[in-house]
Amino acid sequence: MSFHPLMDYGKSHHQSSRTLADEGPEFTFTPEHLAKLEDICSRYPAERRKSAVLAALYMAQRQQGYISRNAMRAVAAAIRCTTAEVEDVVSFYTMFYQRPVGRHVLQVCRTLSCALNGAERVTEELQKVLGITPGQTTADGEFSLFEVECLGACDRAPVVGVNDHWHECQKPEDARALVDGLKARGAASLTGCHLDKER
Ligand code: FES
C-alpha cells in the first residue's frame, strides 16, 4: 500500500514505540484505581478477569502518563494474566504510550481517506509549528506528534487525535491555531469539528 511518495509507511507509532518500551519507575495502582478496577473485574466471570485489560491500562496511563513495563506488570498482576498478554494489547493500540509523552498528544491519521484529503500536509505544518518530527516530543514537554493508522472517522478526513478527542476535517492552515489553542485553553479550544473518544 503506497499512495503518497513521501510518506514512510514502514514505521508506525506502535512499532517504533515497541522497541523503546520504557522500564519506568516502580508502579502500583492507587487505592482508588484498585477499588475501581476490582469493581470492573467483578462484572466478568472470575476466569475472564483479564477482560478488564483496557480499563486497567487506561487507569495506569492516567496515573503515570504512559504505560511502562512496570505498569504492564502491575496490570497483569491485577487482572491475573501474563505481562506478555498485556504487552500485546499495549503494542496493538496507538492510544497507549510506552514512553513518556507530552501533555498534548497529536496523532495524525495517515490512512487512505486522510491521506487522500491532505493528511501529510497537516503533518508537515504541525512539524513546522512544533519544531519536531513524528515520534518526538517538544523540549517543554507540551506536545508529542505521531502518525497513526485509521482513527475510525474516515468520513471527516483528515483527522487528528488530540489526547482523548478527535479533531476532524483538519486543514494544514489550521495547524497554528490548533497548537496555540491547546496551549492557551487545552481541550476546551477544540470547538467545531471534534468528538470525544468513547471509553
Ligand atoms: S482513514 Fe483517517 S480516520 Fe479513517
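1. In this predicted model, K50 and E85 form a salt bridge, with their closest N and O atoms 2.8 Å apart. K50 belongs to the loop between α2 and α3, whereas E85 belongs to helix α5, so the pair ties together parts that are 35 residues apart in sequence. K50 is partly exposed at 31% relative accessibility, and E85 is likewise partly exposed, with a relative accessible area of 31%.

2. A second salt bridge joins E149 to R110, the closest N and O atoms being 2.9 Å apart. E149 sits in the loop between β2 (143-148) and β3 (160-162), and R110 in the loop between β1 (104-109) and α6 (112-116); the pair therefore ties together parts that are 39 residues apart in sequence. R110 is buried, at 1% relative accessibility, while E149 is partly exposed, with a relative accessible area of 28%.

3. Within helix α7 (residues 119-130), K128 and E125 are three residues apart, a separation of about one helical turn. Their side chains meet in a salt bridge of 2.9 Å, N to O. K128 is exposed, with a relative accessible area of 60%, whereas E125 is partly exposed at 25%.

4. The whole structure contains five aromatic pairs. One of them is formed by F27 and F29, in an edge-to-face arrangement with 5.2 Å centre to centre and 85 degrees between the planes. Both partners lie under the 20% limit for burial: F27 is buried with a relative accessible area of 10%, and F29 is buried with 8%.

5. The F92 and Y93 rings are also paired edge-to-face, because their centres are 4.9 Å apart and their planes stand at 90 degrees. F92 counts as exposed, at 56% relative accessibility, while Y93 is partly exposed, with a relative accessible area of 30%.

6. Helix α4 (residues 69-79) is mostly covered, with eight of its 11 residues buried. These buried residues are N70, A71, M72, A74, V75, A76, A78 and I79. The elements covering them include α2 (31-41), α3 (53-64) and α5 (83-92). R80 follows α4 and has a positive phi, near 60 degrees.

How values were computed
Residues are numbered from 1 along each chain as its sequence is written. This is a predicted model: local features need pLDDT of at least 70, side-chain atom pairs count only at pLDDT 80 or more; totals for chains, interfaces and linings use all residues. Side-chain values use heavy atoms; hydrogens and water are left out. Rings of Phe, Tyr and Trp (its six-membered ring) pair if their centres lie within 6.5 Å; planes under 30 degrees apart count as stacked, over 60 as edge-to-face and the rest as tilted. Buried means under 20% relative accessible area, exposed over 50%, partly exposed in between (1.4 Å probe, protein chains only). Helices (H or I, at least four residues) and strands (E, at least two) are DSSP runs, numbered from the N terminus. Contact means heavy atoms within 4.5 Å. A salt bridge is a side-chain nitrogen of Lys or Arg within 4 Å of a carboxyl oxygen of Asp or Glu.
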